[in-house]
Amino acid sequence: MQTESSAAAQIPDQHAPILLPLRSARRFTWPLPDLWQVSSLTADELRACWLFRRGFMDLKPHVDPEADWASFASWVRSADFIWIPRDRNNRVLATMTYKVEPLVHQGRQCVLLWPEYGYSLPGARKSSGLVLALLAALALGAVRCPGAPQYVVGTGYLSSFLSLCRGHDHVFIKEDAGMTEWERSLWSRLAQQTTGYDAQTQLVAMNTIPKNPRTDPPKNSRLRSHWQRYQAHNPLWTDGFTCLVFAAIHSALLVAAARVMIRNELSRKQPG
């Protein structure tokens, strides 16, 4: 383990290259080359992922970098797999960690999909690998709890929220009349268990602040409506506050994911 001073000295500038050979890591499933079993990553490999994240997020002044690293490593170690696409020189292009958690709430079983620590360089944002990783998480949830409803849940800044809204019109960021009574109870339970959650504001105080966040609204009218909804509930997101994002998985989301994957593959094959 490195000291605070040595760790601070290695914090990268925004989007500085992070090399990650992954020499001994094991793939989560063979057909998906960028999905890795979290349990097979070494501490140094996890730390490289943490450093990649630091290129997108500043820590708040009161946060000890080593404490943040420990929190990051603890959560990621509890997950099932991590998506790490790299270029031919082993430079990290993106990360996304997935935890698939069966849960019984008020006598009903469900599956929670936690996609966390998702960061991507511009060139990797149209990768189909991210969609395939989501489908792998859904499949794992179906294996663990056949027939149980599945929900995407996690603390999300505005960009993460909008990414989910691209394929889903009912992404919740607080207790909402659009939820069923059971879903509101589940959301409240998860929120109360979230570090930094304030029941009065229904916001989560994070240890991070986004670097150079994009604050202009989307051009797409549907996404702009979601953007306005998030901004109205959480105008402090650029100061390091997020919402607990919650959405039921249904067929429309899977169809949207498939469309994104096909569109991305077609765009990659365009000449020039």
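Is Asn-90 buried, partly exposed or exposed? In this predicted model, Asn-90 is partly exposed, with a relative accessible area of 27%. The residue lies in the loop between strand 3, residues 81-83, and strand 4, residues 94-105. Its backbone deserves a remark: phi of Asn-90 is near 65°, a positive value in a residue other than glycine. Most residues other than glycine have a negative phi.

Tyr-117 also has a positive phi, about 55°, although it is not a glycine. Tyr-117, however, is found in a strand, namely strand 5, residues 108-120. Tyr-117 is buried, at a relative accessible area of 19%, and the cut-off for that term is under 20%.

I turn now to the helices. Helix 2, residues 43-54, packs against helix 3, residues 65-77, at an angle of about 115°, and their axes are 10 Å apart. The two helices are therefore roughly perpendicular to each other, and their crossing is right-handed. On the side of helix 2, the contact is made by Ala-43, Leu-46, Arg-47, Cys-49, Trp-50, Arg-53 and Arg-54. Helix 3 contributes Pro-65, Glu-66, Asp-68, Trp-69, Phe-72, Val-76 and Arg-77. By class, the residues of this contact comprise eight nonpolar and six charged, with no polar ones.

Finally, helix 4 covers residues 129-144, 16 residues in total. From first C-alpha to last, helix 4 reaches 22 Å, close to the 22 Å expected at 1.5 Å a residue. Which residues of helix 4 are buried? They are Gly-129, Val-131, Ala-133, Leu-134, Ala-136, Ala-137, Leu-138, Leu-140 and Gly-141. As a reminder, an α-helix has 3.6 residues a turn, so residues three or four places apart point the same way.

Notes:
Residues are numbered from 1 along each chain as its sequence is written. This is a predicted model: local features need pLDDT of at least 70, side-chain atom pairs count only at pLDDT 80 or more; totals for chains, interfaces and linings use all residues. Side-chain values use heavy atoms; hydrogens and water are left out. Axes are lines fitted to C-alpha atoms, for helices over the stretch in contact, and angles run from 0 to 180 degrees between N-to-C directions. Helices (H or I, at least four residues) and strands (E, at least two) are DSSP runs, numbered from the N terminus. Angles under 35 degrees count as roughly parallel, over 145 as roughly antiparallel, 65 to 115 as roughly perpendicular and the rest as oblique. A crossing is left-handed if the near helix is turned anticlockwise from the far one by less than a right angle, and right-handed if clockwise. Contact means heavy atoms within 4.5 Å. Ala, Val, Leu, Ile, Met, Phe, Trp, Tyr, Cys and Pro count as nonpolar, Asp, Glu, Lys and Arg as charged, and the others, Gly among them, as polar. The expected span of a helix is 1.5 Å times one less than its number of residues. Buried means under 20% relative accessible area, exposed over 50%, partly exposed in between (1.4 Å probe, protein chains only).
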